[in-house]
Amino acid sequence: MRKLGWTPFIIHAVELKPLEQSSILKEFSRVVGEGPIDWLVFMSSTGVGAFVSMLKSHSSILPSASGQIRIMAVGPKTGAALKRHGIQDVIIPEKYSSVDIANHLARFEMKGQRVVLVRSSAADDRLARALTSKGASVETITIYQSLIPENRESVLDFLARLEGEQFQAVLFTSAASASNIFSIAESKIPVSQLIRLMKSPLVGAIGPATAERLRELGVDPSIPERYLIEDAIDELVRKYEERSVEARAFS
């Protein structure tokens, strides 16, 4: 943002709390004990770190989970996190969302395949439903909790600045962050007022799931062609520049 000449304001709307290793180990051991895993799908780089730490401490369970197992990452950052831990053969879909994971896996014969999703507590079940409809057996391992942060100062500061029309654009990077901001805001201002205030700046969403949640909340965002932070920022900057040109033309 700074390289583009903009001033970033970071809102801490989600607190990620890793589960205890013993809890992750218990769940993974249960999944491994029920049979070979065909696909292991990581939904975030945060999940990669917690999962690999658990495996390093309990490497004895890894052989029974290996074999023909294939690894998939939701996007390049998650893929890079896996590679940093020595996992090189990682499949990444063309676009970076749960929908695109389902579309990519649909190219393979999924009937009877065992798919394990490594994700947060905030993830919805759309990916699991899509894979199940293709005949896959889907298991979920929750690696960390996605919570409303105890320290809400940045959200409250955001609301005050939003009322002061200090923002040209707002980018939501997860559906959970959108839900949490609206939840925290309810104690300060009516939801209808927040929706009205959100009409002044441009609003962007990192991907379709985040966009869908925002629309449910009453806000219509733009979505980048690729579901990456960099692309989402570029999209908002481009739209703002177009808006500025149009405003000057009519002034």
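**Exercise 1.** In this predicted model, does E139 count as buried or exposed, and at what relative accessibility?

*Solution.* The relative accessibility of E139 is 15%. Since buried means under 20% relative accessible area, E139 counts as buried.

**Exercise 2.** Describe the salt bridges that R30 makes with E27 and with E139, and place each partner in the secondary structure.

*Solution.* Begin with E27, whose side chain meets that of R30 in a salt bridge of 2.7 Å, taken from N to O. Both residues belong to helix α1, which spans residues 21-33, and they are three residues apart, or about one turn of the helix. Turn next to E139, whose side chain meets that of R30 in a salt bridge of 3.2 Å, N to O. This pair links distant parts of the chain, with R30 in helix α1 and E139 in strand β6 (residues 137-147), 109 residues apart. As for accessibility, R30 counts as partly exposed because its value is 33%, and E27 is likewise partly exposed, at 26%.

**Exercise 3.** Which parts of the chain does the salt bridge between R126 and E212 link, and how accessible are R126 and E212?

*Solution.* The closest N and O atoms of R126 and E212 are 2.4 Å apart. The pair links distant parts of the chain: R126 lies in helix α6 (residues 126-133) and E212 in helix α10 (residues 208-217), 86 residues apart. R126 counts as partly exposed at 27% relative accessibility, and E212 is partly exposed with a relative accessible area of 35%.

Terms used:
Residues are numbered from 1 along each chain as its sequence is written. This is a predicted model: local features need pLDDT of at least 70, side-chain atom pairs count only at pLDDT 80 or more; totals for chains, interfaces and linings use all residues. Side-chain values use heavy atoms; hydrogens and water are left out. A salt bridge is a side-chain nitrogen of Lys or Arg within 4 Å of a carboxyl oxygen of Asp or Glu. Helices (H or I, at least four residues) and strands (E, at least two) are DSSP runs, numbered from the N terminus. Buried means under 20% relative accessible area, exposed over 50%, partly exposed in between (1.4 Å probe, protein chains only).
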